[in-house]
Amino acid sequence: MTAKILDGKNLAEKIKNEIKEVVSGLRNEGIIPGLAVVIVGNDPASRTYVNSKRKDCAEVGIESFEYALDESTSEEELLELIAKLNKDPKVSGILVQLPLPKHINEDAVIFAIDPAKDADCFHPVNVGKLMIGKHEFLPCTPAGVMELIKESGIEVAGKECVVVGRSNIVGKPQSMLLLSQNGTVTICHSKTKNLEEVCKRADILVAAVGRPEFIKGSYIKPGAVVIDVGINRLENKKLVGDVEFSSASEVAGAITPVPGGVGPMTRAMLLVNTIKAAKLQNGRSV
Ligand code: NDP
């Protein structure tokens, strides 16, 4: 079997075109969505992500405001900036690029963002709303994964869904989203026994492990939908996912590539959240 490729790049372009229309409509009503992106220090990967976010905003007509702060910025200074952005009416959404330098408490920073401007959907208020199904925002990567699953044509309801990874930004919210669509969800982590067997039960398998090519073809049920969240840079500079694509694509029914799968969808979902924030702040429903 050769799997259908779930092309995240293509789907993200489609979504961006829809966003462009929405932004144009909002601008006609005098609402200009704006995203503030805060980066602290000189981490090259973070810099690349921030540049992409600025480019994405420009493409769809969202204003972007970049705050590039020195590595030595104190937690207090960063919190002061957040407080200022929380009050700025031009700023609909705020994103603080992670990771932050070690001397800054990431939780303190995330908790300081106004939940109504929480473009990443990391604030506990928004995480809680997701838990009880009363959310406005969705976390970008898990939301992008749900769009890719929709694209595969498979109905989540009643399916065995296995999520490998339980981080706060991917694994846990991913599991909640699959549950909210009535999947039967199993969450795996580093202490899970018989991981291969558990994965093999999955009609929908989401890998968010952070280990290059960790999930092999032998872990996959024939015909399953396989979503690879992982982004790992090998020593030879090649980018690979958490799934061994060559063996997995022989067994899966549909699979995301890396690059070109979940990554572009995560970026598109950030734009969706920014628009939602702009609408909410202007008394519109989302
Ligand atoms: P974390 O390191 O926070 O979490 C990794 C998870 O994998 C943990 O829950 C860990 O378990 C689990 N794990 C580690 N080793 C094993 C193992 N041997 N067997 C089973 N489970 C294991 O990573 P993130 O969730 O932040 O990211 C996961 C991957 O996704 C990374 O490659 C990251 O780069 C990528 N990523 C991609 C994005 C995109 O846009 N495409 C966005 C965000 C992340 P335990 O909890 O027990 O330690």
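Begin by selecting strand S7 (residues 204-207) together with strand S8 (residues 225-228), which pair in the parallel sense over 4 bridges; strands here are DSSP runs (E, at least two residues), as helices are DSSP runs (H or I, at least four residues), both numbered from the N terminus, and two strands pair if DSSP finds at least two bridges between them. Within this pair, Ile204 stands opposite Val225 in S8. The model on screen is predicted, and local features need pLDDT of at least 70, side-chain atom pairs count only at pLDDT 80 or more, while totals for chains, interfaces and linings use all residues. Residues are numbered from 1 along each chain as its sequence is written, and side-chain values use heavy atoms, with hydrogens and water left out.

Now select the two domains, which the domain assignment (automatic or from a database) gives as domain 1 (31-114) and domain 2 (140-263). Their C-alpha centres lie 29 Å apart.

Then show the other sheet, which is open, has 3 strands in the order S3-S2-S4 and is parallel in its pairing. Strand S3 (63-69) and strand S4 (93-96) stand at the edges, each with a single partner strand, so one side of each is left without a neighbour in the sheet. Strand S2 (residues 34-40) pairs with S4 in the parallel sense over 4 bridges, and Leu35 can be picked out opposite Gly93 in S4.

For the polar contacts (pairs of N or O atoms within 3.5 Å), display Arg166, where a polar side-chain atom lies 2.8 Å from an oxygen atom of the ligand. Continue to Ile231, whose backbone N or O atom lies 3.1 Å from a ligand oxygen atom, and to Val209, where a polar backbone atom is 3.5 Å from an oxygen atom of the ligand. Taken alone the ligand exposes 930 Å², of which the protein buries 71%, with accessible areas from the Shrake-Rupley method and a 1.4 Å probe.

Key
A polar contact is a pair of N or O atoms within 3.5 Å; within protein, one must be able to donate a hydrogen and the other to accept it, and residues adjacent in sequence count only if both atoms are side-chain atoms.
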